Amino acid sequence: MIPQQPNVRVRILGIQWTRVCREMKPPPFKYIAAGSIEDATSALADNGGDAKVLAGGQSLVPMLNFRLLAPAVLVDINRVPGLDVVEENADGLAVGALARHHQLQTSPPVGARYPVLAAAIGHVGHLAIRNRGTIGGSLAHADPAAELPLIARLLDAEIVVIGAAGPRIIAARDFFLGAHTTALEADEIITRIDLPALPPGTGWGFEEVTRRAGDFALVAVAATVSMADGQVTQARIALAGVGESPARASAAESVLSGQALEDDAIDAASQSARDAVRPSTDLHASADYRRHLVGVLTGRVLNAAWRRTVREAS
Amino acid sequence: MTEQHAIEMVVNGVTYARKVEARLLLVDFLRDTLGLTGTHIGCEHGVCGACTVIVNGASARSCLCFAVQADGAVIETVEGLGSVDDLDPVQQAFRVHHALQCGFCTPGMLMTTIDLLRKCPSATDDDIRNGLSGNLCRCTGYDNIVRAVRAMAGERRE
């Protein structure tokens, strides 16, 4: 049923090439449809690091098609019941790892309590990608320029995981260890993402620059700002696309703390964020351009947060 | 011999039961196993949108889903829309507004449009451009596609 891969001989640029005609098809793997989290973690444990979790598949399957990965086993968690539940509670919002991007983007508690999350999801891939892609998958994939890891850092999400040794909670700041590298052990799986409640009246902003709609961001910046008596009580600024993992612009956050949120303070914070990053140059953008974007986008998200804070207060 | 998985799914109202290897992509299942070649394969890594079908009511890249995962699913493909003599309204809008030239991207465009208009029946131009941004067309320059979808959304607004 899988097409053959015949040898082809062609002449290109005056050179005779003989190659196996490789179609973009995934390598063989053993498929396990987990019926429960226990099924999934034991399948992962049984296969000693040579198994991958298949959730939405929107990053994993392209990597398989390109044969960048060839795991012996795929553990499909799409049929695990209850893993996509989104629940409000006293502490905030508990988001099941299997919640799809589109489901979250249009979820009433997300819209009401974490509009910055809904806004960020609007930038994830495209409609068909958002229909299938999951929050847990995005965090576990840990692309340096992805929106959901950025939001997890911004909102100080707590990532609930479970493995053979039992469950544990990993703070977002400890979860992302590098490009496509996380604190997850080979037998662990994300089950839930807890988002702590934001103070009432918290303003927010999200901006990113991409070459084409739906691409990974060259730079993405998100912020939340909470105010009391005209002064910033808490400012959070998170950046993606400028390092191996999403990061907080802590120096810029300190610049705003205790200040009135006005043009001067926003300019100072934007400059601080820009000066602190050490992005790299690649074929998509130069380091200087990325640094420039950090300054510009930080200014925009803080201005957006300011407007929203003022609106909430009035 | 690699392990075969028995699957069953409803495609355009017809139930199919087959045995498949786990790594068989849904798009290859539709095209090669079922012979439904209306769904096209472009990039095979989720960028071009040509293989977009509707899985359990939501558009999906059939190159980023394994056939075995679609066991029990209800699938809609371009073959489930109208026929040459009796076009679906979305196909008719594409025809009237000249929203295709070579037609390679059209099955994916149509299925995406259907999902977009189900989710957002009176889509604005921004909604339409955003909704179709994951489907590449190398012929039309997109304006006529947007016009066709706008006409559909406009009819629903009235």
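The C-alpha centres of domain 1 and domain 2 of chain B are 22 Å apart, with domain bounds taken from an automatic or database domain assignment. This is a predicted model, in which local features need pLDDT of at least 70 and side-chain atom pairs count only at pLDDT 80 or more, while totals for chains, interfaces and linings use all residues. Residues are numbered from 1 along each chain as its sequence is written, and chains are lettered from A and ligands numbered from 1 in the order in which they are written.

**Where the domains of chain B meet**

- Domain 1 of chain B covers 4–80 and domain 2 covers 89–157.
- Their contact takes 14 residues from domain 1 and 12 residues from domain 2 of chain B, where contact means C-beta atoms, placed from the backbone, within 7 Å.
- On the domain 1 side, strands E3 (52–55) and E4 (58–61) of chain B are the elements that give two or more residues; strands (E, at least two residues) and helices (H or I, at least four) are DSSP runs, numbered from the N terminus.
- E3(B) gives the most to that side, with three residues.

**The sheet in chain A**

- Three strands of chain A form an open, parallel sheet in the order E3-E5-E4; strands pair if DSSP finds at least two bridges between them.
- E3 (30–33) and E4 (51–54) of chain A are the edge strands, each pairing on one side only.
- Four bridges join E3(A) to the parallel strand E5 (73–76) of chain A, and Ala33(A) stands opposite Asp76(A) in E5(A).

Key: Contact = placed C-beta atoms within 7 Å.
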